[in-house]
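Me: Please walk me through this structure, one question at a time. Where do we begin?

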Amino acid sequence: MKVLIVGSGGREHAIAASVAKSPLVKKIYCAPGNAGISELAECVDIGAMEMEKLADFAEEKEINLTIIGMDDPLVAGIVDVFEKRGLRVFGPRKNAAILEGSKAFSKDLMKKYNIPTAAYETFDNAEAACEYLETSEYPIVLKADGLALGKGVLICNTKEEAKDGVKTLMLDKQFGSAGDRIVIEEFLTGREVSVLCYCDGTHILPMTSAQDHKRAKDGDKGLNTGGMGTFSPSPFYTPEVDEFCKKYVYQPSMDAMKAEGRDFTGIMFLGLILTEKGPRVLEYNARFGDPEAQVVLPRMKNDIIEVMNACIDGQLDKIELEFEDNAAVCVILASDGYPEKYEKGKVISGLENFEDKEGYYVFHAGTKKTDEGIVTNGGRVLGVTAKGKDLKEARANAYEATRWIDFSNKYMRNDIGKAIDEV
């Protein structure tokens, strides 16, 4: 098979690494890709949102399967563009990707089909939102309705903070049109867990659990980011939690989308919070998480191409997912200043230390090749992942491996997976 992967981040590098292991695959392309992906795939200079150009390329190269890694093209309808041309593609159609594309849609869906989530209200008028905040309980959560690179969620401890948040999202347009409408949501407390699921429109297969660290600084301080690190599995995701979610969350979510005429094929990502009253859904995404993919995929034993084909063909009930009996931790190496201002173009050294190291991975996110070598080209630069027999060993290995790499404004959190010390 010839496979095309659409995207340029650490998630797409993790997908490419899994695809490269499949005996079914002879050639991988990635558009637009990055410096690390180029070691596994031929990178093509077409942007992820250039949907017709991507479809032209897939036709020209006789691509057998295109895998869409990123949320923006999915929400914009890239799968529909490919399917109209008879091209085989992995990901939800536009009418199903709205599950991630609109927070208001997903909240209304959960309310309608009794899927456990936080109480909420939706607003498209800043004045009405501020009026609602007058009588709300605090803390409270504000969410931009649309896509905001994983950063459009504000946790507000006071009424003043919340009103400032409404201004930031709706009037100052910090996240552009994503903030035209907002969801104001009850604040829930508990452990957060991410579960990625393969879907074929009817059946849903959850993968192993993971936990992300969204805040920029140690101790979950600082601004929200796209994710500063992950660990898998989550010790807080017990067999009891799994049983509850299969019965009341995963299959009901699939069935709800089907009932709405929005059959969901691809990856359904569920952001869960484990409250005293049981698991609740915080959010849905319509693709692999980043950096969740970087700890989940290296532990998956199945051939990813076989599983994706089963999703497209409605044959997921014939697949049994298997994961290694171990753990993985990913620490993001970022450019200092991320997620706000940061410098690019810093030369990265030490990448060769990962060659032929069993159980260690360096997934490129914001990198590019230059005459000087591989340089930084984004806020999140690299994801350093390591396995271990358990989470503590995996964490120690991952932090050890972060020392193998250097660039001048290298920044990371030092407490990824620290929660596991409490178990």
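Reply: Contact means heavy atoms within 4.5 Å. This is a predicted model, in which local features need pLDDT of at least 70, side-chain atom pairs count only at pLDDT 80 or more, and totals for chains, interfaces and linings use all residues. Residues are numbered from 1 along each chain as its sequence is written, and side-chain values use heavy atoms, with hydrogens and water left out.

Me: Leaving aside neighbours within four places in sequence, which residues is Ser-22 in contact with?

Reply: Ser-22 sits in the loop between α1 (10-20) and β2 (27-32). Helices (H or I, at least four residues) and strands (E, at least two) are DSSP runs, numbered from the N terminus. Beyond those neighbours, Ser-22 touches Asp-303 and Ile-305.

Me: Is Ser-22 buried or exposed?

Reply: Use the cut-offs: buried is under 20% relative accessible area, exposed is over 50%, and partly exposed is in between (1.4 Å probe, protein chains only). Ser-22 has 4% relative accessibility, so Ser-22 is buried.

Me: Which elements do the buried residues of α5 pack against?

Reply: Helix α5 covers residues 94-101. Its buried residues are Ala-96, Ala-97, Leu-99, Glu-100 and Gly-101. They pack against α3 (71-76), α6 (103-112), α9 (239-259), β15 (265-275) and β16 (278-285).

Me: How many residues of domain 4 are in contact with domain 3?

Reply: Domain bounds come from an automatic or database domain assignment. Domain 3 is 191-318 and domain 4 is 327-422. Their centres, taken over C-alpha atoms, are 23 Å apart. On the domain 3 side 27 residues take part, and on the domain 4 side the count is 25.

Me: What area do domain 3 and domain 4 bury between them?

Reply: Buried area is the accessible area (1.4 Å probe) that two parts lose on being put together, summed over both. Here, 60% of it is on carbon and sulfur atoms. The area is about 2,100 Å².

Me: Which residue forms a salt bridge with Asp-220?

Reply: A salt bridge is a side-chain nitrogen of Lys or Arg within 4 Å of a carboxyl oxygen of Asp or Glu. Between domain 3 and domain 4 the count is 2. For Asp-220, the closest N and O atoms are 3.1 Å apart, and the partner is Arg-413.

Me: Which element gives the most to the side of domain 3 that touches domain 4?

Reply: The elements that give two or more residues to that side are β12 (215-217), β13 (221-224), β14 (229-232) and α10 (293-296). The top contribution is 4 residues, and it comes from β14.

Me: Is Asp-220 partly exposed or buried?

Reply: Asp-220 is found in the loop between β12 and β13. Most residues other than glycine have a negative phi. Asp-220, not a glycine, has a positive phi of about 55 degrees. Its relative accessibility is 46%, so Asp-220 counts as partly exposed.

Me: What is the relative accessible area of Asp-356?

Reply: Asp-356 lies in the loop between β17 (327-335) and β18 (360-364). This residue has a positive phi of about 60 degrees, although it is not a glycine. Asp-356 is exposed, and its relative accessible area is 83%.

Me: Which residue does a cis peptide bond join to Pro-339?

Reply: Most peptide bonds are trans. Pro-339 is in the loop between β17 and β18. Its cis bond has an omega of about 10 degrees, and the partner is Tyr-338.
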